[in-house]
Amino acid sequence: MIIRQLMGLNPWARVLIPFLFVWVLFVLIFYSKLNTSASASSSNVHGEADDAIKRLEQALQQLEQSKRIDHELRLMVDEYLAEAGQSADRKQRFIDELGNKLEQEAPGPGALSLARSRGTPTLEYERLRRRVQTNTQELWNLLQSEVTKVQKQAQRTAPELVKPLSSFLSLAAEHKRSLLTDIERTRAADGYEVWRHREAADLSDLVQKRLTHLQNPENCSTARKLLCRLNKGCGYGCQLHHVVYCFIMAYATERTLILKSKGWRYHKAGWEEVFQPISDTCLDSNGASHASWPGQANTQVLTLPIIDSLNPRPPYLPLAIPADLAPRLMKLHGDPIVWWIGQFLKYLLKPTGETRQMLENGIERLGFKKPIVGVHVRRTDKVGTEAAFHGIEEYMTAVDDYYDQLELTEKVEKRRVFVASDDPKVIEETKRKYPHYEVIGDPNVAKMAAVSTRYTDSSLNGIILDIHLLSLSDYLVCTFSSQVCRVAYEIMQSLYPDASGRFRSLDDIYYYGGQNSHNREVVLPHDPKGHDEIQLRPGDLVGVAGNHWNGFSKGKNIRTNQVGLFPSFKVNDKIEIVELPTYPDVK
């Protein structure tokens, strides 16, 4: 019986095989059509069609590689199930006894299911489940990119192929959504949901208690302190990340963080009029000795520079997580560093009564309710310098995809989108072009977010409300080049056991400004198929520069020093783990 229960883990791995064969079949069909069309065309069209065929051949090679990976994943799951089966009798007796006990206390068909939900998954299972989900999306990115290229070329050389290619892409997208839905249903039914929620709450509670303990020493006059000045010359999201960096440094050095915020460019009166003080007992920077970083261990008050000027740079800067929490956090969460950053924001962003009332009024005034997708569109100071322009159509394509996916499992009465921007015209454009959506947004807040009026109290309230509503959304569509969206994404992690997949970035992958290196570990070999690709061997470390969202990422192989593209599915994130204080007095 336990084997049958554990087989509930298997469908998401097994379903990949027929799914991929269907995709390969469709690609072969259209490959044949392209070939036929190319034969009937002029010599010029011949050459262009050949280029299209070569791109499809490359896509087919990637699909074949993915098929082999999925076969390996299936074998791994089967091996796990076989090992679990060795202790089936003992586990079954335990589950039956617990189920009987629960049925006596609360009779009903859900008792046995509740008993199973008390279990704990293995790290291998959670990692494998997330990898299948991520690589399904990466496979779709590859296929969509390659077929779209062929479509554009077909418009010039073989117009009769445009419609069937569009039909193929639409059907493939439907397959992708169905598969992702099956994977999500398997997660929801695998018996570990109670554990995930409980573990997320327990871990968060532990970190919040540690931060409270650190920030409220028994004797402020003798406590070791870390002084952080809220004076970094950048926008609101960047300044929040500056305070988080200071807080991480305080946690790692076991020093109480003292935040000096008078004269803050967003609110001259300081942090404490907008958010609650970060300590109940220790807010002054007085001490017997003062020094700038790194100082000495016995220096009572250390002053931190901004992260860009920090020297020496300790290993516990982002993207590192604490060693004592790492085993639990890596099992619970798909991107542990985002959860870790989110915990510091959870502690810091406790609104005052006035700020809380402003947030509640904003929610009521805008009619914010779920389901809803949060869209952040950056238009002013970053576009053309740090970030490229992205039309509203790109954002809404991702929004459409989210709702198409959601409607496979629940009825959506109204598609809603919350639009936050520093350009009020974006909100009106969205309403005009997408009348079938309920578009929520405040043009006045967008006006105040413009560079000329950004550093005012009204603008501050607007950006606080925008980030709050973005974080409360079910899904985020944005550009991660913007710190506003990254902050919202970080805050979102404290609202779910694992919200690492609740986003679509149109440009960057997640990063933390001033972070240490972001490495990925190669798990599958790769030989370059073109001059712009790099060689990979299992065990290599690749410093990742970004994801092109077309099946490929860019990075530097640390072993070979080669810089170039590589298939995204052939690597796993390398979690940076460092020894940090464990705060044994906090339980």
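Q: How do you know that strand 11 (residues 519–522) and strand 12 (residues 541–547) pair?
A: Three bridges join strand 11 to strand 12, and the two run antiparallel. Two strands pair if DSSP finds at least two bridges between them, so three bridges meet the condition. Asn 519 stands opposite Gly 543 in strand 12. Strands here are DSSP runs of type E with at least two residues, helices are runs of type H or I with at least four, and the numbering starts at the N terminus. The model is predicted: local features need pLDDT of at least 70, side-chain atom pairs count only at pLDDT 80 or more, and totals for chains, interfaces and linings use all residues. Residues are numbered from 1 along each chain as its sequence is written, and side-chain values use heavy atoms, with hydrogens and water left out.

Q: What makes strand 14 (563–567) and strand 15 (571–573) edge strands?
A: The open sheet of five strands has the order 14-13-12-11-15, with antiparallel pairing. Strand 14 and strand 15 each have a single partner strand, so one side of each is left without a neighbour in the sheet. The twist averages 45 degrees from one strand to the next.

Q: How do you know that strand 13 (residues 552–557) pairs with strand 14 and with strand 12?
A: Strand 13 and strand 14 share five antiparallel bridges, and Gly 564 in strand 14 is the bridge partner of Gly 555. Strand 12 and strand 13 are likewise antiparallel, over five bridges, with Gly 543 opposite Lys 556 in strand 13. The hairpin of strand 12 and strand 13 has four residues between the strands, and Trp 549 in this hairpin takes a positive phi near 55 degrees.

Q: Why is helix 17 (residues 457–472) called oblique to helix 18 (residues 483–492)?
A: The two helices pack at an angle of about 50 degrees, with their axes 8 Å apart. Angles under 35 degrees count as roughly parallel, over 145 as roughly antiparallel, 65 to 115 as roughly perpendicular and the rest as oblique; helix 17 is therefore oblique to helix 18. The axes are lines fitted to C-alpha atoms over the stretch in contact, and angles run from 0 to 180 degrees between N-to-C directions.

Q: Which residues make the contact of helix 17 with helix 18?
A: Ile 463, Ile 467, Leu 470 and Ser 471 of helix 17 meet Val 484, Val 487, Ala 488, Ile 491 and Met 492 of helix 18. By class, the contact has eight nonpolar residues, one polar and no charged. Nonpolar covers Ala, Val, Leu, Ile, Met, Phe, Trp, Tyr, Cys and Pro, charged covers Asp, Glu, Lys and Arg, and the others, Gly among them, are polar.

Q: How do you know that Cys 220 and Cys 282 form a disulfide?
A: Their sulfur atoms are 2.0 Å apart, and a disulfide is a pair of cysteine sulfur atoms within 2.5 Å. The link is right-handed, with 65 degrees about the S-S bond. Cys 220 lies in the loop between helix 9 (193–215) and strand 1, whereas Cys 282 lies in the loop between strand 2 and strand 3, 62 residues apart. A search of the whole structure finds four disulfides.

Key
Contact means heavy atoms within 4.5 Å.
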